[in-house]
Amino acid sequence: LGLEPLDLRVALAALHARGARCISIEAGPETAIPLYADPLAVDELMLSVYEGPDLPASAVGAPFLTNEHLVELLPGSSGPSRVGAWRFERRTRLRQ
């Protein structure tokens, strides 16, 4: 994009200005968390959470957002599905 400094909100604004209507971002919590501050910059979240017992404590990072905050921001939900030690959920804004 040629933007300095580059951050996700600036990049999204530049892409929207160029006509982008659907933008996918794959990022971890530390990178993505600014997009969930007011004003909310996402319409949909595909969340994957490892909930297995054998993950060393040193490998566990800070939580993304509390479930309560996610429900407040993105109230639409596919309901969680589980595969082994992983939980997956799609959350969306309710369209007006």
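Which side chain makes a polar contact with the side chain of arginine 87? The side chain of glutamate 51 does, at 2.9 Å. A polar contact is a pair of N or O atoms within 3.5 Å; within protein, one must be able to donate a hydrogen and the other to accept it, and residues adjacent in sequence count only if both atoms are side-chain atoms.

This is a predicted model, in which local features need pLDDT of at least 70, side-chain atom pairs count only at pLDDT 80 or more, and totals for chains, interfaces and linings use all residues. Residues are numbered from 1 along each chain as its sequence is written, and side-chain values use heavy atoms, with hydrogens and water left out.

**Arginine 87**
- Arginine 87 lies in strand 4, residues 86-92. Strands (E, at least two residues) are DSSP runs, numbered from the N terminus.
- Arginine 87 counts as buried because its relative accessibility is 16%. Buried means under 20% relative accessible area, exposed over 50%, and partly exposed in between (1.4 Å probe, protein chains only).
- Beyond four places in sequence, arginine 87 touches Leu47, Ser48, Val49, Glu51, Pro80, Ser81 and Arg82.

**Valine 49**
- Valine 49 sits in strand 1, residues 44-50.
- At 22% relative accessibility, valine 49 is partly exposed.
- Leaving aside neighbours within four places in sequence, valine 49 is in contact (heavy atoms within 4.5 Å) with Ala85, Trp86 and Arg87.
- Glycine 28 is 21 residues from valine 49 in sequence, and their C-alpha atoms are 11 Å apart.

**Aromatic pairs**
- The whole structure holds three aromatic pairs. Rings of Phe, Tyr and Trp (its six-membered ring) pair if their centres lie within 6.5 Å; planes under 30 degrees apart count as stacked, over 60 as edge-to-face and the rest as tilted.
- Tyrosine 50 and tryptophan 86 form an edge-to-face pair, because their planes are at 65 degrees, with ring centres 5.3 Å apart.
- That pair links distant parts of the chain: tyrosine 50 in strand 1 and tryptophan 86 in strand 4 are 36 residues apart.
- Tryptophan 86 and phenylalanine 88 are stacked, because their planes are at 20 degrees, with centres 6.3 Å apart.
- Ring pairs join Tyr50, Trp86 and Phe88 into a cluster.

**Exposure of the aromatic residues**
- Tyrosine 50 is partly exposed, with a relative accessible area of 30%.
- Tryptophan 86 is partly exposed at 36%.
- Phenylalanine 88 is partly exposed at 32%.

Note on methods. Helix = DSSP H or I, 4+ residues; strand = E, 2+ residues; numbered from the N terminus.
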